[in-house]
Structures are given as C-alpha cells and as structure tokens.
Number of protein chains: 2
Amino acid sequence: MKENSSIFCQNKNQPTERFLEVCLLLLLHEKDDYGYGLSQELPFFGFSDNELNVSTMYRILRRIEKIDLVESTWEESGLGPRRRVYRITEKGKEELSKWIVILKNRKLNIQKLIDRFERPDHYNHLEE
Amino acid sequence: MKENSSIFCQNKNQPTERFLEVCLLLLLHEKDDYGYGLSQELPFFGFSDNELNVSTMYRILRRIEKIDLVESTWEESGLGPRRRVYRITEKGKEELSKWIVILKNRKLNIQKLIDRFERPDHYNHLEE
DNA sequence: GTTCACTATATACAACATGAAACTAGTGAT
DNA sequence: ATCACTAGTTTCATGTTGTATATAGTGAAC
C-alpha cells in the first residue's frame, strides 16, 4: 500500500512549514540567493516578520542541501559577513514541480472545506 | 513580539495534518459522530484510504477533547463494538471559525506560489 | 572609541506531531 | 473455525518546530 505515494514527496510528512521549503525552492528557481536575501522575499508568501522564524529557514536550507535539492558556496559581500549562496539543482527543480502538484491539490481541499463551512445547505441532504 | 498571534490558533504549529483537525471540527459542527463514522467522511477533503492514518485521527480526537473543543460519550451500537460519539462545544465552534480565516489566508498564499511558478514573467522585473 | 543597529549564519534544547505497527474486541457471514 | 468488517487505543522511532543563544563583520551615531 501507499505505492501511489507520489503525492507525498519523499514519503515524508507535509507539515505546513514544508510550504516554506517550497517557497525557498521557488525563489532559488528564479535566481541564486543567500539566506538573508531569501528571508526578505518571504513576506510575499505570507511569512511576514512575526511569522518567519529564521532559525527554521536556515535549518531548511541546510537540510535541502543535504538531500541535494540545492548547492551552496561562500561568497564575500564586502558589506558584512560572508554569505552562503544557494543554487537549485536539477533534482531540486523536479522536487519543486512535484510540490506544485501537491499544493494545487491542497488548495482545492482547503477550498472544499471553506465552501462546506460557508454553504452548509449544499451538504445538508446527507442528514437523516 | 508575536502578540498578533491570533493568526496562530493557540500559539501552536500548523502542521498540515492540523487540516485534519479542522475537517473533524467541521464534520462535528454539522452533526455528532464517532471516529469510524468520521473516517468515512474524510475522503471528501482529500483523505482517501491511503492518505488517512486512523491512529492520527483518533489521536486528534482525544487531543481536541482534552482541550475542550469537543466532548464525548460512549454509545452502544448493537452492530459492533461501542462507539465514542463526539459533540462539538462552543469553544470548538469558535476555534473552527478562527481556522477558517487562517485557511483562507493559507489558500491565498498557496495560490501566489503557484502563480509565481507558472507565470514567472510577471515577477522577472525584479531581476537585475 | 564604544555602543548601537543591521547584516549573516549556526546550533542546542525541550516540546510536540507523525506514520507504522501491534493490540483488543464485538458482530456476522462462509 | 476462519474471515472481514467495525471500533478504538497505545507504543515507538523519527522528524519538525520555536526559543534561545552564540558568533561575527560593517558602518553610523555619540
């Protein structure tokens, strides 16, 4: 069982903050970047100051590097500490594509729940 | 900081399977039900056979009872083992309403990500 | 010249959530 | 007797989180 688990990327959990992982992959799909720079793009996806935990973000970056979704090198900035600049790999791009499919589904399921909450009449015929 | 954390229900994480919690609250908002019965309604929200872990579901039911979002009583079914029948509380209804707001936001953020993946041109002007 | 704010990354810790598996147990059909 | 279905619980290893803490470079204000 669970052989149709393509819906689960890597057969792992899908905690919400996996969404952060996908956001990072998307941003790195657009262009190479480093942690601090990425953190400034994240409010676009709803991770505003209060909601972004930078520890979590840096941890995710290290984790997805370990599983070869991204690669990194150190670069001198001249205007502050060194930056670890990340680059998405082919494997990372494939992972991103799979996540897009999952997220489309997730969005639909959320919509279903909202509809059912706001228009209960459409589902009442199930009552006995 | 984090005082505007009404966006985080009970200040806790929002792992994806919290979505399962909200589905259960919604179903119990519609009518009283027991675990096994609820499990048969869950495919509607995307929790098909392969994707629903019944341990998780039963665990969530016990957890949300502990924090008074639902109450339960044992009932004889006559056609099998006893059933623990759950009923949503006022607190549970309030929690459900808060979650609906969160999920509407989550849906929007997912949509933003999908759009940005599929129509990168609209975001390219950011490049240097 | 030192304090402050900003830039930049990393790690340790306790708390919590998960999937998988095993377990108990009642009913009814083969 | 065995099987399939109904019904719920607990244990275990693994994984993820937020918080706090640490380090360190730059440049401006005082």
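Reader: In S3(A), which residue is the bridge partner of A:Asp33?

Author: Helices (H or I, at least four residues) and strands (E, at least two) are DSSP runs, numbered from the N terminus. Strand S1(A) is joined to strand S3 (residues 83-88) of chain A by two bridges, and these strands run antiparallel; DSSP has to find at least two bridges between two strands for them to pair. Within S3(A), the bridge partner of A:Asp33 is A:Tyr86.

Reader: What kind of model is this?

Author: Residues are numbered from 1 along each chain as its sequence is written, chains are lettered from A and ligands numbered from 1 in the order in which they are written, and side-chain values use heavy atoms, with hydrogens and water left out. Local features need pLDDT of at least 70, side-chain atom pairs count only at pLDDT 80 or more, and totals for chains, interfaces and linings use all residues, this being a predicted model.

Reader: Which strands of chain A stand at the edges of the sheet?

Author: Chain A has an open sheet of three strands in the order S1-S3-S2, with antiparallel pairing. Two of these strands have a single partner strand each, so one side of each is left without a neighbour in the sheet. The edge strands are S1 (33-34) and S2 (70-75).

Reader: In S3(B), which residue is the bridge partner of B:Ser72?

Author: In chain B, S2(B) and S3(B) pair in the antiparallel sense over six bridges, while two bridges join strand S1 (residues 33-34) to strand S3 (residues 83-88). B:Asp33 has B:Tyr86 as its bridge partner in S3(B). The bridge partner of B:Ser72 in S3(B) is likewise B:Tyr86.

Reader: At what angle do the axes of H1(A) and H3(A) cross, and is the crossing left-handed or right-handed?

Author: The axes of helix H1 (residues 18-30) and helix H3 (residues 54-66) of chain A come within 10 Å and cross at roughly 65°, where axes are lines fitted to C-alpha atoms, for helices over the stretch in contact, and angles run from 0 to 180 degrees between N-to-C directions. H1(A) is therefore roughly perpendicular to H3(A), on a scale where angles under 35 degrees count as roughly parallel, over 145 as roughly antiparallel, 65 to 115 as roughly perpendicular and the rest as oblique. A crossing is left-handed if the near helix is turned anticlockwise from the far one by less than a right angle, and right-handed if clockwise. The angle is roughly 65°, and the crossing is right-handed.

Reader: How far apart are the axes of H4(A) and H1(B)?

Author: Helix H4 (residues 90-118) of chain A and helix H1 (residues 18-30) of chain B pack at an angle of about 25°, and they are therefore roughly parallel to each other. Their crossing is left-handed. The axes lie apart by 11 Å.

Reader: What is the relative accessible area of A:Asp68?

Author: A:Asp68 is found in the loop between H3 and S2 of chain A, and it has a positive phi of about 65° although it is not a glycine. It is partly exposed, since buried means under 20% relative accessible area, exposed over 50% and partly exposed in between, with a 1.4 Å probe and protein chains only. The relative accessible area of A:Asp68 is 46%.
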